[in-house]
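Subject: Structure handover

Dear colleague,

Here is the structure for your files. My notes on it follow below.

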Amino acid sequence: MSAQPIGILELAIAALLLLLNAALSIAFNLGLEKKLAIAAVRMLAQLALAGLVLSFVLRQSSIPLTILVVLVMGAVAAYELMSRPAHRPEGWWAVGLGGGTLLLIGLLATLFTVGGIIRPAPWYDARYLLPILGMELGNVLTAMSLTFDALTTAAFRERRSIEARLAEGGTRFEALESVLTDALRSGTMPILNTMAVAGVVSLPGMMTGQILAGADPLQAAKYQMLILLVLAGASTLGVLAAGLGGVLLMTDPRHRLRLDRLVGSEGR
């Protein structure tokens, strides 16, 4: 058994649902019609390109080509990580540091999953490595961006109380403790919600894809369990990195608040 093929006509029919979204946006004056159209076109183009690139890479079985794809995925993830928060670090060094941390966590989690648990032959098989890396990067990206956004937004909102605690002799981590705690909680919420409803409310993407491709549902469920467990660990590492790194970025060794290092809607 193999997956039922999907053509342009089927995609066009599915795209009609976007008209409903646009109609609701117009009816409630949300102003999202242009963003919906851009997001849809971007999504279609990106997925079509990804399908073509992966088809080529999987046929070649080339280690340098696989590494190139990994680096491109990491670079795009780094850009997205720093472009999402309302208050962003200034300078390419911060982008490189955040993106490097994201790529490092994603790679470690992927190598642990592929090389240590699944163990295909060869262990660096792009058919396993790239899809799992994509899932790892996507989830860690979401966790890190939510954490950093919550942390910086709260720091701007509560800057007076933070500076008061610093003036009283508190360290930067003591002054930002409540803000950091809330940010860490925000960053871990998506993966917790995903794990809580998996198999009951929703069938996660990997499991659904394997079932549609004809895999045994129980085996597909095992793969999904594995992925979610690794995603939970990687997301937690990303949340901690974004939270602790954000505190260090917004302060200096003399325990002063340095919100001037951030740019954004209220950053200057």
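A residue is called buried under 20% relative accessible area, exposed over 50%, and partly exposed in between, with a 1.4 Å probe and protein chains only. By that rule R157 is exposed, because its relative accessibility is 57%. E158, its partner in a salt bridge (3.5 Å, N to O), is partly exposed at 26%. A salt bridge here is a side-chain nitrogen of Lys or Arg within 4 Å of a carboxyl oxygen of Asp or Glu.

Please note that this is a predicted model, in which local features need pLDDT of at least 70 and side-chain atom pairs count only at pLDDT 80 or more, while totals for chains, interfaces and linings use all residues. Residues are numbered from 1 along each chain as its sequence is written, and side-chain values use heavy atoms, with hydrogens and water left out.

Overall layout

The protein has 11 helices and two strands. These are DSSP runs numbered from the N terminus, helices being H or I of at least four residues and strands E of at least two. Their order from the N terminus is α-α-α-α-β-α-α-α-α-α-α-α-β. Along the principal axes, the C-alpha atoms fill a box of roughly 70 × 50 × 35 Å. Of the 268 residues, 34% are buried.

Salt bridges

The count is six salt bridges. One of them joins E80 to R42, with the closest N and O atoms 2.9 Å apart. Since E80 belongs to helix 4 and R42 to helix 3, this pair ties together parts 38 residues apart in sequence. E80 is buried, at a relative accessible area of 16%, whereas R42 is partly exposed at 44%. Another salt bridge links R258 and D260 (2.9 Å, N to O). Through shared partners, D252, R256, R258 and D260 form one network.

Pockets

A pocket is an open set of points on a 1 Å grid over the protein atoms alone, where a 1.4 Å probe fits, with protein on both sides within 12 Å along at least five of seven lines; lining residues have an atom within 4 Å of a point. Volume is the space filled by probe spheres set on the points, which are joined across faces, edges and corners.

The largest pocket holds about 980 Å³. Its lining has 25 residues, with Q46, A50, V72, M73 and V76 nearest the centre. Helix 3 (33-60), helix 4 (63-83) and helix 6 (126-157) each give two or more residues to this lining, and helix 3 gives the most, with nine. By class the lining has 18 nonpolar, four polar and three charged residues.

The second largest pocket has a volume of about 330 Å³. Among its 17 lining residues, L97, G98, A241, G245 and G246 lie nearest the centre. Helix 11 gives the most to this lining, with six residues. The lining is made up of 13 nonpolar, four polar and no charged residues. For these classes, Ala, Val, Leu, Ile, Met, Phe, Trp, Tyr, Cys and Pro are nonpolar, Asp, Glu, Lys and Arg are charged, and the others, Gly among them, are polar.

Surface

I63, I67, L71, L111, W123 and Y124 make a nonpolar surface patch of about 570 Å². Such a patch takes residues with over 30% relative accessible area and no salt bridge, joining nonpolar side chains (Val, Leu, Ile, Met, Phe, Trp, Tyr) within 5 Å; areas come from the Shrake-Rupley method with a 1.4 Å probe. Helix 4 gives the most to the patch, with three residues. I67 lies in helix 4 and is partly exposed, at 45% relative accessibility.

Regards

How values were computed. Patch = residues over 30% accessible without salt bridge, like charges linked within 9 Å, V, L, I, M, F, W, Y side chains within 5 Å.
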